[in-house]
Structure formats: structure tokens, C-alpha cells
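User: I'd like to learn how to read a model like this one. Can we go through it feature by feature?

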Amino acid sequence: MNNDKWHFDTNAVRAGSLHTEFGENSEAMFLTSSFVFESAAQAAARFGGQEPGNIYSRFTNPSVTMFQDRLAALEGAEFCVATSSGMSAILACVMGLCSAGDHIVASRSIFGTTVQLFGNILKRWGLETTFVSLTDPREWEAAVKPNTKLFFVETPSNPLTEVCDISVLATLANKSGALLVVDNCFCSPALQRPIELGADIVVHSATKYIDGQGRCLGGAVLGKKEVLEPVYGFLRTAGPSLSAFNAWVFLKGLETLPLRMEAHSRNSLSLAQWLEAQPQVARVYYPGLVSHPQHALAMKQQKTGGGIVSFDLKGGKDAAWKLIDSTRLLSITANLGDAKTTITHPATTTHSRVTPEARAAAGIGDGLVRIAVGLENVDDIKADLARGLGA
């Protein structure tokens, strides 16, 4: 089921659902590696693409199809390729659309592991990446080469929540003959729909807000079917596949996505405003704050400020570690998008494999702390942080 006239909340619950002859209300989980054909002729037709249907769960599974169709409906995309993790979604996107000798322009404010993928691993296979400022379109335009295939951005960025103008970058990418890929992990389609703003492709770590409870790994690549056919081809051959179990968990997560993102955002704004008033805090990074340098743009592109709050502490690494170690309620982990609030020190966790020079260029200092604000009562979150802040 998929109805273009349904509202977002309805699609989050109903879109993409398939039903068997047993009449189940909750979507079925298809834990099977392969599918049986009625005849040798049908098997040949399925493998040859002349007949639609399931073949092998590495690349066709009803549970995964339901997840793909529901997420596509929420993002306003024509097609979705689900993968085993957020990083495998990025890898599948690049491997499907680029070749040795091609060029990528990427924000230097992307996730630390993505920096490693672009700057080290893919570089060994002949793909060149130029890293530029997320917020300065002039740097993007200057970095373009005749062999540029992709623009890659994450907005808001991890961990400083910088925001780029998606429409402006989409225009530049189109002018350059490149595709704009937007990592929409921080917002989810509940808060931001990059395709409506001109992006060609959206990627997700479904591990984060799409799941919402820190249970499973998964990813997704979304866009036009014609554009993503090579990405699907890479998945079919190389096999970074999403399991049927994880797809089913993500389907359940999508049902509550709009409600959760509203609550995450409400708690985050309250916490960010409280942090700005603490004398030990040098600066707070949150798009929902008027003090954020891209606040107006964020409120134009996003429904709310989202669920991530980062801040610089006076006292550098010692102060940051003291705060983190003083918490009793918050979970010390680098994951985000969980119902439980998490806290981490980016310089020594998520971005620890990035060179000190690259971290400095991205604005990630030793006093930076990132909080993925959960669904607890925000007063309890503040009280837990107040212990380490001496507030």
C-alpha cells in the first residue's frame, strides 16, 4: 500500500505494507535465504528480469522491500536500496556511480568514518576527493573538475550541526554535471526532505533515528530508479545487504518516527538554551538556537532543529572528560538517534582517526562534547550534566 495523498504520519505507519493470505496486521518477517519457483521457466524469468518477484535475500526479500518502499514514500523518492549499515550505503552509492579516475567534492564536515572512506580507502582505488567548506558555495564551485561525479554533504553536520543550503548546492551540482548526495541521518525525513530541495540522492544510516532505539544496523540510498540502478547492481553482486530481521525492526521504528523526532527536538532546544546559560560552556552548536550561524537557513530547510546538541567547554579535553565521566543517567557511547540520551567526546571517538589538522580545519576541538538528546525528561538530563558542570 502506498498512497501519494496520505499525510506523512500515515505513510510512516502504512506505506509499503504487504499482506499474506494469513491476514496479519503487523508486517510479516520473511527470514528465508531463498525463494522457491513454480518451474524452471519461472526461475529463468526471475533471474533474467523478465518476471518480477523474489529470488535470493541478498538482493530481494519482502521484509526489505516493505522497508524500502515505506522510507521512499517518506523521503519523496522514487526508489530505495537498503543496505547493511549507513557506511555500506555510502560505499554502495559511490561504487555504483563512480569509477577509477572520477572525482568527488565533499564537505570536510562529514562524519569521521566517511572522511576515512573517501580520503583513504577509495583513494587507493583511484577515486579522488576534494574536501571543502560545507557552508561556502564558492569553495564547491572552485573545486569542480571535468571528472567530478558527486557532491557529498551531511547537513546538519556531525558534530557541529553546520547547515548548508541544499538548493544552492543542487544548482551547482547540476551545472557541473554532478549528482548531489545528501546524508540526511541527523534529520530523517520527518524533519528534512532533501529531494524536495533539489538533491539527487539521499543516504541514511537507518541505525540512528529510523530505528530509534539503538537495536539494529542498516542503511539506505534513495533517489530516482534510473539513477540508482547501478547502486542496486552493486548491492546484488557485492552483497552489503540489509537483513530481513533488521528491515522489520526499522519498519516498526518508522511508525513512531514523526512523534519521536518532535520529542527529540523539543528536548534538544530546551537543553541547548540551558547550556548557553552555563558559565563553563564557551559555545553551543544547535540549529534551533538563534545564535546558530545558519539558524534562518535551518528553519527554512528543516521542520525543527533536530536532536543533536554539541558544545565547547572551557578547559578543553580535561573539562570534557570530567563532564562525561560525571554523568550517571546519560549513556557514554558514540551512537545517536536512540531513545536514551548519549554523550561522547568527538575528538577521541567518532573523529579520532581524522588527523589533528583535519579536525582543526573542521572546527572539532578538544573541548567539544556531543549529546544526542533522548526521550527522557529534559530536567533529568540537565541535572545529570549539572553535576559535571558544577552548576
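User: Among contacts between residues at least 6 apart in sequence, what share join residues at least 24 apart?

Analyst: Contact means heavy atoms within 4.5 Å. Here 72% of those contacts join residues at least 24 apart. Before going on: this is a predicted model, where local features need pLDDT of at least 70, side-chain atom pairs count only at pLDDT 80 or more, and totals for chains, interfaces and linings use all residues. Residues are numbered from 1 along each chain as its sequence is written, and side-chain values use heavy atoms, with hydrogens and water left out.

User: How many helices and strands does the chain have, and what is its radius of gyration?

Analyst: Helices (H or I, at least four residues) and strands (E, at least two) are DSSP runs, numbered from the N terminus. The chain has 14 helices and 12 strands. Its radius of gyration is 21 Å, close to the 21 Å from the globule rule for 391 residues, so the chain is as compact as a globular protein of that length. That radius is taken over C-alpha atoms, and the rule is 2.2 Å times the number of residues to the power 0.38. Along the principal axes, the C-alpha atoms fill a box of roughly 75 × 50 × 35 Å.

User: What percentage of the residues is buried?

Analyst: Buried means under 20% relative accessible area, exposed over 50%, and partly exposed in between (1.4 Å probe, protein chains only). Buried residues make up 55% of the 391 in the chain.

User: Which strand pairs with strand 2, and in what sense?

Analyst: Two strands pair if DSSP finds at least two bridges between them. Strand 2 pairs with strand 3 (residues 128-132) in the parallel sense, over five bridges. In that pairing, alanine 106 stands opposite phenylalanine 131.

User: In what order do the strands of the five-stranded open sheet come?

Analyst: The order is 8-9-12-11-10, with mixed pairing. Strand 8 (281-285) and strand 10 (331-332) are the edges, each pairing on one side only. Strand 10 runs parallel to strand 11 (residues 342-344), joined by two bridges, and isoleucine 332 stands opposite isoleucine 343.

User: Which helix packs on that sheet?

Analyst: Helix 12 (residues 316-326) does, touching strand 9 (308-313), strand 10, strand 11 and strand 12 (368-372). Its direction makes about 130 degrees with that of strand 9; axes are lines fitted to C-alpha atoms, for helices over the stretch in contact, and angles run from 0 to 180 degrees between N-to-C directions.

User: Which residues of helix 12 are buried, and why do they line one face?

Analyst: Ala320, Leu323, Ile324 and Ser326 are buried. Seen down the axis of helix 12, the buried residues fall within an arc of 170 degrees, so they line one face. The arc is that of the directions from the helix axis to the C-beta atoms. The face turned away from the buried side carries the exposed Asp318, Lys322 and Asp325. Among the elements covering the buried residues is helix 14 (378-389).

User: What about lysine 252: where is its place, and which side chain does it join in a polar contact?

Analyst: A polar contact is a pair of N or O atoms within 3.5 Å; within protein, one must be able to donate a hydrogen and the other to accept it, and residues adjacent in sequence count only if both atoms are side-chain atoms. Lysine 252 is in helix 9 (residues 244-255), and its side chain joins that of glutamate 255 at 2.8 Å.
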